[in-house]
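Hi everyone, thanks for making time this morning. Let's have the model up on the screen and walk through its side-chain contacts together.

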Amino acid sequence: MANWENNEEIEIFREYLRIPSVHPNIDYEPCVEFLKKQAKSLDLPVSVYYPVNDKNPVVVLTWKGTQPNLQSIILNSHMDVVPVFEEHWTHPPFAADIDKDGKIFARGAQDMKCVGVQYLAAIRSLKRDGVQQLKRTIHVVFVPDEEVGGYLGMAKFIDTDEFKALNVGFSLDEGIASPNEVFNVYYAERTIWQIEFKCHGQSGHGSMLFRGTPGEKIHYIVDKFMNFRKKEAEKLENNPELTLGDVTTVNMTILKGGAQGNVVPPELNVTFDIRIANDIKLNDFEKMINQWCEEAGGNIELNYSHKFPQAPITPTDSSNIYWTAFKSAVEELNLKIKCVVFPGGTDSRYIRMENIPALGFSPMNNVPILLHDNDEYIPADTYLTGIQIYKKIIPNLANA
Ligand code: ZN
């Protein structure tokens, strides 16, 4: 019999996976009930906060430390998962089936219900080993809404008195599965800007050669961004040391305008999703964009649907005691790690903006990257090994 059959932790994990906390219009109450039950079985106090409205709970299980005045550690995860295209799945996405090889199939198996309950499993195991308390207080935090930006979750929670009362010194949150042996540790993210360029200009009959048409302006802007994009792609291709998070990505995501084939419209719009690398000064970047608009002929309106400030980077050196604690845990376990910039956005950016160091880490190696994909799964052995990894990392962080 494989070690995952009839395993208590696997069964708890599957129970969590079976809750369809899937966008849109999520009912989080079953997650709250599940987590309250976990808190009870772990003998940990649990608080439920509603920083935005009564549909978006933040659940916090607390393991009080022997020195509760020290800054605490949060172990963060999000309860929400992204939608599924069920016809492309070989197993129902909310059944948490295990196949003969021990693969557990479910939306959220990698992103990131695994991590949330692995934290709890590690605490359960520590307690069973007789560890009744660590030095710093640990808060295991479960937030809503991460997959659509965290605006109803972490983004608001950090502004509350309840969050401030947690006195957080460090946060651990999600990473991504690694297809090889090396675990990625994420210490920063790029800065997200999404900009719509509304190009206003001369309109009229489609047979004319007017100057200053919206078409000429949008062409200029698109050209500039595409040249910029090409250079960044070359930078990435030509340097094997770089990962996606080290360069700026630009993608045209929305193109709008026009009414009829023979009418030059008064306005054409283009939207770009831009993830700005951390070595770029945002002021300079904005100046460059404004200059392009002038060069294009002016009268271009900019609407920023996202314009985040640059979040501080979490130091990965001896100046950060939590980094030292994390690193010594992974060294003791002989894990190979690589420090990288997260290519997308996670709730860690809100934490870092509060000047709290945060690392993203999901203990899954030699596993295909399946977040947001069809047939998302995690091997049961990988899940159980992850618990052992957290069992080393969590005490190290809490005793730092
Ligand atoms: Zn996630």
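So, to get us going: how many aromatic pairs does the structure hold? The structure holds 21 of them, where rings of Phe, Tyr and Trp (its six-membered ring) pair if their centres lie within 6.5 Å, and planes under 30 degrees apart count as stacked, over 60 as edge-to-face and the rest as tilted.

A quick word on what we are looking at. This is a predicted model, in which local features need pLDDT of at least 70 and side-chain atom pairs count only at pLDDT 80 or more, while totals for chains, interfaces and linings use all residues. Residues are numbered from 1 along each chain as its sequence is written, and side-chain values use heavy atoms, with hydrogens and water left out.

Back to the rings. A pair of aromatic rings is described by the distance of the centres and the angle of the planes. Take Phe225 and Trp292: their ring centres are 5.0 Å apart and their planes are at 90°, so this pair is edge-to-face. Phe225 sits in helix α6 (residues 214-238) and Trp292 in helix α7 (residues 282-295), so the pair ties together parts that are 67 residues apart in sequence. Helices here are DSSP runs (H or I, at least four residues), strands are runs of E of at least two, and both are numbered from the N terminus.

For us, buried means under 20% relative accessible area, exposed means over 50%, and partly exposed is in between (1.4 Å probe, protein chains only).

Now look at Phe228 and Phe285, whose ring centres are 5.8 Å apart with planes at 70°, so that pair is edge-to-face. It links Phe228 in helix α6 to Phe285 in helix α7, 57 residues apart. Both of those residues are buried. Elsewhere, one aromatic cluster is formed by Tyr119, Phe183, Trp323, Phe326, Phe361 and Tyr390.

On to charges. The structure holds 15 salt bridges, each being a side-chain nitrogen of Lys or Arg within 4 Å of a carboxyl oxygen of Asp or Glu. In one of them, Arg128 meets Glu8, with the closest N and O atoms 3.1 Å apart. Arg128 belongs to helix α3 (residues 113-128) and Glu8 to helix α1 (residues 8-17), so this bridge ties together parts that are 120 residues apart in sequence. Arg128 counts as exposed at 57% relative accessibility, whereas Glu8, at 38%, counts as partly exposed.

Glu196 and Lys256 make another salt bridge, with 3.9 Å between the closest N and O atoms. Glu196 is buried, with a relative accessible area of 14%, while Lys256 is partly exposed at 47%.
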